[in-house]
Amino acid sequence: MTSVVIVESPSKAKTINKYLGSEFQVLASYGHIRDLPAKDGSVRPDSDFEMDWEVDSRAKKHIQDIEKAVKNADKLYLATDPDREGEAISWHVQEVLAKKKLLSGVETKRVVFNEITKGAILEAFEHPRDLNIELVDAYLARRALDYLVGFTLSPVLWRKLPGSRSAGRVQSVALRIICERELEIEVFKPQEYWSIEATLALPTGENFKANLTQLQGEKLKKLSLSSEAEATKAVAAISAADLSIGKIERKQVRRNPSPPFTTSTVQQEASRKLYFGAKKTMQVAQRLYEGFNIDGETVGLITYMRTDGVSMAQEAINAARKLIGDTYGAEYVPANQREYKNKAKNAQEAHEAIRPTDIMRTPKDVAPYLDDDQRKLYELIWKRTVASQMESAVLDQVGVDIPASDNSVVLRATGSVISLLAFTSTISFSLLVSITKSGS
C-alpha cells in the first residue's frame, strides 16, 4: 500500500516525489478539476445557495489517474497551494473521490507548506491537518458571487454594448469607480498657481536650490501666487533683494526599511524597477517558487508568492541578521530584530511574506541557474528581505532660511548635504530664479 499525494502542478509533483521517496505517489490535479456549469440555475439562492458542479473535460484524465492511484492507497494527502484556491481544489478532489466511494478506509489529510524545500516538505508531512472548511466556504461564496453577478449583468452588457464578452463582480465595481472618478474630473475646476525656485551660487562655484516661502511678510500657501503677473513681481522682489543666511535648523532623521514583499508590493516594485507587468511578475515568481535543479537537487528559491503577510519565520530573521553582520558589519544589525505587521484591515496573513527560502543563497550564487528575468526578480526579493532586517538609515537634515535684509522675501533651502552646516551670514550669492506654472 502507498500514500497518494495531490498537488497542483506536474513540475511540483516530480520535486516532491523525490523528497518523499518511493512510498509516496505524487500526482498533479493541473489546477481546478471542476466548476459551475455555464448555464442558468447552477447556483440557486432560493435553495440555500445550492450549487451544481461538473468535472472539466480537460481534467477527466487527471481525475482518472487520481482515482486509479487512490484505489490502491491507504492514505491520501491533499497538498495543493496554501491559499483559498488551493484549499478549494483539495475540497473538490475529496468530494469527487467521496462520491465515487473511493475514500472508504483511506485516511485523508491536508498538508500545506510555504516553500518547496526538502526540510519544509518533510516538516509539513509531519503535521497534516483536516480541510479548513472556513476557507472552503469563503471560496464557495466568492464563486457563487462571480456566477450570480456574471449571469445577471452580462446579458445587459451584451444588449447595451454588442461585442462585449461578460461582466463580473470585480470588473463591475472597478468600472463604477472609474466612472465616478471620471465624473469628478469633469466637474473639477482647475486653479492656476505658480511656484518659484531660486538657484543660488556660492563664491566657490557650488550651486544649491531654494524655494520662495515668504513674500512681503506673508507665508506663501500653495495657491498664493495665482497669476503670471504675481509670480513675475515675486521674481523681481527676489532679484532686488540683499540675501543672507538666516535661521539654520539641523535635525537627525531615521529612515526605517520597508517590510519584505507581499503579492501587491512585489508587483508594484517589479513594475517600477524591472518594468514587469503584474502577470509576468507572478509567472516568474511561480517559477522561482517551484524551484530549480541546483547541485543535483530541485530547490524552491522563494516562499509562496500569493500572500498579504509581512512577517517572516524566526529562522529566516536569524539568518538575515547573521548575513548582515558577517557581510556588512555589526553596526548594520539593529539591537532588536524587526517585526512587521500589516496595516490593512482583513489582510490574509496566513502565510509569510515573500522571501528567499535560504537567505545565504545570494543572487550571485543562483545566477547560473536562472534566466535574466528570474535573476532580476530573485535579486529584487533577496535585497528587500535583507534590507528589511537592517539598521535604520540616519540622515543629518539641514533647513536654511535665506531672508532679504528687509525681510521682503524669504527663501528656504533644505537638504542632507553636510557642507550646508558651514554656511555663515557673511556668505554672498549670485542668483538665478525660475518660475513654474501649475494647475490644481
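In what sense do strand β1 and β2 pair, and over how many bridges? Strand β1 (residues 2-7) and β2 pair in the parallel sense, over 5 bridges; strands count as paired if DSSP finds at least two bridges between them. The structure is a predicted model, in which local features need pLDDT of at least 70 and side-chain atom pairs count only at pLDDT 80 or more, while totals for chains, interfaces and linings use all residues. Residues are numbered from 1 along each chain as its sequence is written, and side-chain values use heavy atoms, with hydrogens and water left out. Strands (E, at least two residues) and helices (H or I, at least four) are DSSP runs numbered from the N terminus.

Within this pairing, Q25 of β2 is the bridge partner of V4. An open sheet of 4 strands, with parallel pairing, has the order β2-β1-β7-β8. Because β2 (24-28) and β8 (107-110) each have a single partner strand, one side of each is left without a neighbour in the sheet.

D81 lies in the loop between β7 (73-78) and α3 (84-99). With a relative accessibility of 6%, D81 counts as buried (under 20% relative accessible area, 1.4 Å probe, protein chains only). Beyond its neighbours within four places in sequence, D81 is in contact (heavy atoms within 4.5 Å) with residues including E8, K12, R110 and Y304.

Antiparallel pairing is found between strand β12 (residues 248-255) and strand β15 (residues 393-403), which are joined by 8 bridges. β15 also pairs with strand β16 (residues 409-415) in the antiparallel sense, over 6 bridges. V398 of β15 stands opposite R250, and the bridge partner of V398 in β16 is G415.

Definitions and conventions. Buried < 20%, exposed > 50% of the residue type's maximum accessible area, 1.4 Å probe, protein only.
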